[in-house]
Amino acid sequence: MATDRLYDDPDLASFYDVDNGWSSDREYCRSLAEGCASVLDLGCGTGWLAAELAGEPGRTVFGVDPAEAMLDIARGRPGGDRVTWVRGDGRSVRLGRRFDLIVLTGHAFQVFLTPKDQLAALQTIAAHLAPEGRFIFDSRNPALQEWREWTPAESGRRIEHPRFGPVDAWNDVEHDPATGIVTYGTFYRIIADGRTLSSRSRIAFPPRDQLERLIAEAGLAVDAWLGDWTTGAPWTPLSRDFIPLGRLG
């Protein structure tokens, strides 16, 4: 997987929480973690969810991410000292232990661009899941073609950064119909000095039948396909996300 400046550049990484914030996927995972003695946040990013989950007395939480700039933020956030942070690739990391709950949120699964990479990430989940443990992750439904909204005209926004002040942000996008891979740019123009920080990212939009096949091949089983983090509603063809909730097969 190629380096992505959106996560590896410290200045760009500092925008992640400001531009995303606490969302319904994290809230759902927090409720799912109730009663769990151990949690693995695979693709933990800036560690907001992992630090929150580690606040439960007696719970062991690991956060894994390949981007050191994101982990630097995670280590410094309130509650970060309660989490074991590991720099690692979701396709290959092995921690030598198993967890009651494994989460992979924020559409981080989509950074795995090929079926081979996707299978490897799912095998990582299987390798770390306790016998009675559960896993959950999300991936956008390609049928909705959400990337069509990631144009400069539709994505423009003004955000307030704690260090840079007011910033104009926007995206642009390209879709490769042959591979299904979407390449999108992220741009932050700092009002105070006129600088523009930018990155280009690539993500895949695997269809549900491909996910089903790979999940089974990895030795996992899905108990429920959800389509909405906010309500936990079952998946329908018009759902924004695929959200498999499952266990070892």
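Select Cys29 and Cys36 and display their sulfur atoms. In this predicted model, the sulfur of Cys29 has its closest cysteine sulfur in Cys36, at 11 Å, which is too far for a bond. Across the whole structure, the number of disulfides is zero.

Are Cys29 and Cys36 buried or exposed? Cys29 has a relative accessible area of 0% and is buried. Cys36, at 14% relative accessibility, also counts as buried, because the limit for that class is under 20%.

Next, select Arg94. This residue is placed in the loop between β3 (84-87) and β4 (99-104). Its relative accessibility is 45%, so Arg94 is classed as partly exposed. Leaving aside residues up to four places away in sequence, Arg94 touches Gln123, Thr124, Ala127 and His128. Which of these contacts is polar, side chain to side chain? The side chain of Arg94 makes a polar contact with that of Thr124, at 2.8 Å. To relate sequence separation to distance in space, draw a line from the C-alpha of Arg94 to the C-alpha of Ile125: the two residues are 31 positions apart in sequence, and the C-alpha atoms are 9.7 Å apart.

Proceed to the aromatic rings. A pair of such rings is described by the distance of the centres and the angle of the planes. The count for this structure is 13 aromatic pairs. One of them is formed by Trp147 and Phe205, with 4.9 Å centre to centre and 75 degrees between the planes, an edge-to-face arrangement. Trp147 is in the loop between β6 (139-140) and α8 (152-155), whereas Phe205 is in the loop between β10 (196-203) and α9 (208-217); the pair therefore ties together parts that are 58 residues apart in sequence. Select each ring in turn with the surface shown. Trp147 is buried at 8% relative accessibility, and Phe205 is buried at 7%.

Finally, select Phe109, Phe112, Phe135 and Phe137 together and display the side chains. What do these four residues form? Phe109, Phe112, Phe135 and Phe137 make up one aromatic cluster.

Conventions:
Residues are numbered from 1 along each chain as its sequence is written. This is a predicted model: local features need pLDDT of at least 70, side-chain atom pairs count only at pLDDT 80 or more; totals for chains, interfaces and linings use all residues. Side-chain values use heavy atoms; hydrogens and water are left out. Helices (H or I, at least four residues) and strands (E, at least two) are DSSP runs, numbered from the N terminus. Buried means under 20% relative accessible area, exposed over 50%, partly exposed in between (1.4 Å probe, protein chains only). Contact means heavy atoms within 4.5 Å. A polar contact is a pair of N or O atoms within 3.5 Å; within protein, one must be able to donate a hydrogen and the other to accept it, and residues adjacent in sequence count only if both atoms are side-chain atoms. A disulfide is a pair of cysteine sulfur atoms within 2.5 Å. Rings of Phe, Tyr and Trp (its six-membered ring) pair if their centres lie within 6.5 Å; planes under 30 degrees apart count as stacked, over 60 as edge-to-face and the rest as tilted.
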